[in-house]
Every structure is written in C-alpha cells, then in structure tokens.
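Okay, thanks everyone, I'll keep this short. Let me put the sequence and the structure up, and then we'll walk through a couple of spots.

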Amino acid sequence: MDPRPAAVDERLAGVRRIVAVGGSKGGIGKSVLATGLALAGADGGRRVGLLDLDFTSPTDHVILGADRHFPDEEFGIDPHPVEGVAMMSVAFFSGEAAAPLRGGEATNLLLELLAITRWGELDTLLIDLPPGLGDTTLDLIRLLPRAEFLLIGTASRVVIESVRRALRLLKELGIPLLGVVENLRRDGSLSVGDLAEEFGVPFLGSVPFDPVLEDALGDPSRLRATQLFAAVCRLAERVVT
C-alpha cells in the first residue's frame, strides 16, 4: 500500500484552509491572480503558502521574482520563503528544463510533492492549478477533498463557455466552490458575473486589465503599485482568511 496519501493528510494538518485557483483556459491571468492573492495575504499578516501545480510551465516563481532555490531538506522539504509567502514549485527542482509528464507520471509527482512538503502552520494554502480539468486537477480533487475552488474567467465568449463546463462538472461532483472572479476586465458587460448567477455561486468581483502589469512582473515592489494588485487585495480579504 502506498503510504503517501496518509502522509499528505499529516503534512496539511496545520493548514486551516486550502484554495485551489483554476481557470478553464491558458492565458487568462490565473497564475498572476493566484500569486497576487498569496502576496496580498502575506502583506496582510496572514500565513500563506503557494503551490504551483503547473508542472510543464510553472510561472509563479517568475511573477514573484524568486530565484530557483533548491529546497532545504530534513525529514521532508521546506517551502521557499518569498516575500513572506511559503512557496513550492517544480521549477525549484527542474530549473529551466522542461518537465514533460504523462498520465501516471503527473499523478506521481503531485502525490510526491504533497507528501514531502512541510507546510507547517498556515492560514491559507493557495494552489495554482494548470489550465483546464485534466489529470492534475482531478487528482487534487481526490487527494484534497476539502479544497475550495476559485475559478478565474474573462469576458471572452470562448472562456465563458469553458468556465460554464467547469462549473457544471464541479457542481455535479459536489466540490466546494468559493466563487468566480472576472479577470482582465475592460469596459463591457460583466459576463462572468452573469455566469456565476446562473450556477448559484458567489461572484467575487472583477480585476481590471492593467497595461503596466507586464513590466511589473518579477518585481514585487512594482507589482504592489499596480491597479491589478489593489483589486487583488480587496479580493484577498474574502479568499485569504
């Protein structure tokens, strides 16, 4: 019998709340919001962890400007502290090399990370999921049934339809839904808010499109000065508690 599932429960025993941040498509700013929420929570005095589960294209460390620090090891591995956030990413092990994984390989890596990471006492652990509802997300649902899902969408018709499918599946599975957020908000209708109403889940608000965001990525001080971060701080008051 694989002892790691039992070890996962032990490693997360001190984590009060787990929030999985998901998005139906790539390129909708999900990782920026997940990372921004972690940073805002830490700035507000919360004990926050951030786990980047995009194994093939991890970017949270890039957004926070973290070096590729190989984690300290002693009876497990310790998250890398970055700007007050306890952070774990496969990028700390793989460096710049690609990590192409298929099926059981991704499941095994997820289970290994969850079983050996020493999170300690946290108010909130934010998990940045890969796009869509693939193996990693489905495995996370199985391994961490208490995780609450926060879905990110944009006003794009394609994204709206993808979020609708994700909401339908998560509702059918009885997964706790924290709410839906509209990212990259421009002038126009709040289509994502309408979608949240359709499924009876909280609409947690909008985060504006910020033209200076790209230049601020990798520099937490500049990131904190953006319009996006101001909106994320308001969102964090409801998510990172």
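Before I get to the helices, one definition: when I say axis, I mean a line fitted to C-alpha atoms, for helices over the stretch in contact, and the angles run from 0 to 180 degrees between N-to-C directions. And keep in mind that this is a predicted model.

So, helix packing. Helix 1, residues 4-11, and helix 5, residues 104-116, have axes that come within 7 Å and cross at roughly 45°. As for the hand, the crossing of helix 1 past helix 5 is left-handed.

Who's making the contact? From helix 1 you've got Arg4, Pro5, Ala7, Val8 and Arg11, and from helix 5 there's Asn108, Leu111, Glu112, Leu114, Ala115 and Ile116. Sort the residues of that contact by type and you get seven nonpolar, one polar and three charged.

Is Arg17 buried or exposed? Its relative accessible area is 12%, and buried means under 20%, so Arg17 is buried.

What does the Arg17 side chain pair up with? There's a polar contact to the side chain of Glu148 at 2.7 Å, and a polar contact of 2.7 Å to the side chain of Thr241. Leaving out residues up to four places away in sequence, Arg17 touches Asp123, Thr124, Leu125, Arg146, Glu148, Leu178, Arg238, Val239 and Thr241.

That's what I've got, happy to go back to either spot.

Key. Residues numbered from 1 in each chain as written. Predicted model: local features only at pLDDT ≥ 70, side-chain atom pairs only at ≥ 80, totals over all residues. Heavy atoms only, no water. Buried < 20%, exposed > 50% of the residue type's maximum accessible area, 1.4 Å probe, protein only. Polar contact = N/O pair within 3.5 Å; in protein donor to acceptor, adjacent residues only side chain to side chain. Contact = heavy atoms within 4.5 Å. Helix = DSSP H or I, 4+ residues; strand = E, 2+ residues; numbered from the N terminus. Left-handed = near helix turned anticlockwise from the far one by under 90°. Nonpolar A, V, L, I, M, F, W, Y, C, P; charged D, E, K, R; others polar.
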